[in-house]
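Please read the points beside the sequence and the coordinates.

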Amino acid sequence: MRFLSLPPLGHLSSFSVGLSLGQLVTWGCVFYTFALLAHPIELSLGLTRAESSFAFSLALLGEGLLAFWVGRWIDAGHERWVMTGGSIVIGVGLLAHSQINSLTEFYLVWVWLGLGLSATLYTPAFAVVTRRFPNDFRRAIIIMTFLGGLASTVFIPLSSWLIDTWGWRHALVVLGLMQLSVCVPLHALLLRGARAAQPHGTAQAGVAPVSVRVFLKQSSFWLLSLFMILMMMVTSALPAHLVNLLRESGLPPVWVLAIPASIGVIQVIGRWLLFMFEKHLDVHAANRWIPVLIPLGLCMLVFGGNTTLPALGFVLLFGLGNGLITIVKGTAFAQYVSREHVGQLNGLLGVPIALARASAPWALGLLWSPDGGYAVGLRWVLLCSLLSVVALWLAQARALRIHKAH
C-alpha cells in the first residue's frame with residue numbers, strides 16, 4: 001500500500017482548517033479546562049479527588065454512549081445540525097456549570113457536556129471529512145488536527161488566568177459564551193451542502209453490499225479495538241490529573257502550567273512534520289512506531305524522578321506521540337479493516353471506548369494516595385500503553401499478510 005498522493009491545497013485544506021478552529025475551542029473550553037477546575041471546585045463544594053474525577057468520567061461516558069447514533073446521523077447527511085447542535089449543548093452546559101452548588105449538579109452538568117462532546121470532537125469531525133474527501137481523508141484529518149492540537153497550549157494558560165482573575169464561576173461564563181459565539185456559527189456555515197447518504201458497504205453501483213459482520217470475524221478488528229480502547233484509557237486518564245500530578249511532584253509553579261501547555265505545541269509540530277514528509281515515509285512503519293512514543297514518555301515520569309529533565313522528556317515524547325497517534329487511530333480501521341465500513345466499525349466501539357475512557361480518570365483518581373501520590377497509577381497507565389502497542393503491531397501484521405496474499 002502506498003501513501004495517498006497529496007493534491008494541491010484548496011477546498012480540502014480550507015474546510016479542514018475551519019473544522020480545526022472548532023476543535024481548538026471545544027477541546028480547550030471543556031477537555032483541558034477540567035484539570036484546572038478540579039481543585040477550586042473541590043474546595044468550593046467539599047469534594048474528594050475521586051469524586052471530582054468521576055465527573056470527568058461521566059462526561060466521557062455520555063460522549064461514548066451517543067457515538068453510534070451520531071455516526072449514523074452524520075452518515076445520513078445530517079452533519080451540519082449534529083455539530084451545530086452539539087456546540088449549542090456545550091455552550092449552554094458551560095453556562096449552567098457556573099451555577100452549580102452540589103455534587104449532583106456537578107455530575108449532571110458533566111453528563112450534559114459529554115453529550116455535546118459526542119457531536120463535536122474528533123470522532124464526528126473525522127467522519128465528516130472522510131465522507132467529504134473519501135480519497136484524501138488521511139491528509140484532511142492531519143490538517144484538521146493542527147489547530148486542535150494547540151488547545152492545551154492556548155486554553156490552559158487562558159483558563160488558568162480566567163479562574164485566578166475572576167473565579168471559576170465567571171471563567172465558565174466566559175468559556176460558555178466563547179463556545180456559543182465561535183463554534184455555533186462556524187459549524188452552521190461551514191457544514192452546508194453535505195452530500196446525500198450512500199448505501200452502506202456498496203463501493204460501486206450494482207455490487208452487493210458487504211455486511212459489517214464479515215469484519216467482526218477478523219482478528220484485525222478485535223486487535224485494533226483493543227489498541228484503541230487501551231490507548232484511549234491512557235490519553236484520557238492523564239489530562240484530568242496532569243496539573244495536580246506535576247504540582248505534587250514538587251516542580252516550580254511555572255513548570256506546572258508550562259509543561260502541559262507545551263504538549264499542544266509539540267503535538268502540532270509532530271503533525272506538521274508528518275504532513276510535510278508523509279509521501280517520503282512508509283505509512284505502515286509510521287503507524288507501527290508512532291504509538292511507541294507514548295510508553296517512552298510515561299517511562300520518563302515513572303522512572304525519571306521528580307525533576308525537571310524527565311518532565312521535559314515526558315513533554316517531548318508524550319506530546320509527539322499524543323499528537324500523531326490521533327492520526328493513527330483516525331485511519332487504522334480504514335487502512336487495515338475496511339474504508340467503506342469505517343463509520344459503522346467506529347460506531348461499534350462507541351460504548352466500549354466510552355466505558356474505558358470514563359473509567360480511566362476515575363481509576364487514576366482512586367489509585368492516588370496522600371503518601372504515594374500518582375506512583376501506582378502511573379505504572380498501570382504505562383502497562384496499558386505497552387499492551388496497546390502490541391495489539392496494534394499484531395493487527396497490522398495480520399492485515400498486511402492478508403493484503404499481500406491477495
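1. pLDDT is the predictor's confidence in each residue, on a scale from 0 to 100. The structure is a predicted model, and the mean pLDDT of its chain is 83, with 91% of the residues at 70 or more. Among the elements of the chain, helix 5 (residues 79-97) has the highest mean pLDDT, 96, while helix 17 (residues 342-348) has the lowest, 73.

2. Two stretches call for caution. Over residues 1-9 pLDDT stays under 50, and the model gives them 23 contacts beyond four places in sequence. Residues 200-207 likewise stay under 50, with 11 such contacts. Where pLDDT is low, predicted coordinates should not be read in detail.

3. Helix 8 (residues 137-148) and helix 13 (residues 253-277) have axes that come within 9 Å of each other and cross at roughly 155°. Angles over 145 degrees count as roughly antiparallel, and the two helices are therefore roughly antiparallel to each other. The crossing of helix 8 past helix 13 is left-handed.

4. Which residues of helix 8 and helix 13 meet? Helix 8 contributes R138, R139, I142, I143, T145, F146 and G148; from helix 13 come V268, R271, W272, L274 and F275. By class, this contact of helix 8 with helix 13 comprises seven nonpolar, two polar and three charged residues.

5. Helix 2 (residues 34-45) has F34, A35, L36, L37, A38, I41 and E42 buried. The residue G46 follows helix 2 and has a positive phi, near 70°.

Note on methods: Residues numbered from 1 in each chain as written. Predicted model: local features only at pLDDT ≥ 70, side-chain atom pairs only at ≥ 80, totals over all residues. Heavy atoms only, no water. Axes fitted to C-alpha atoms, helices over the stretch in contact; angles between N-to-C directions. Helix = DSSP H or I, 4+ residues; strand = E, 2+ residues; numbered from the N terminus. Parallel < 35°, antiparallel > 145°, perpendicular 65-115°, else oblique. Left-handed = near helix turned anticlockwise from the far one by under 90°. Contact = heavy atoms within 4.5 Å. Nonpolar A, V, L, I, M, F, W, Y, C, P; charged D, E, K, R; others polar. Buried < 20%, exposed > 50% of the residue type's maximum accessible area, 1.4 Å probe, protein only.
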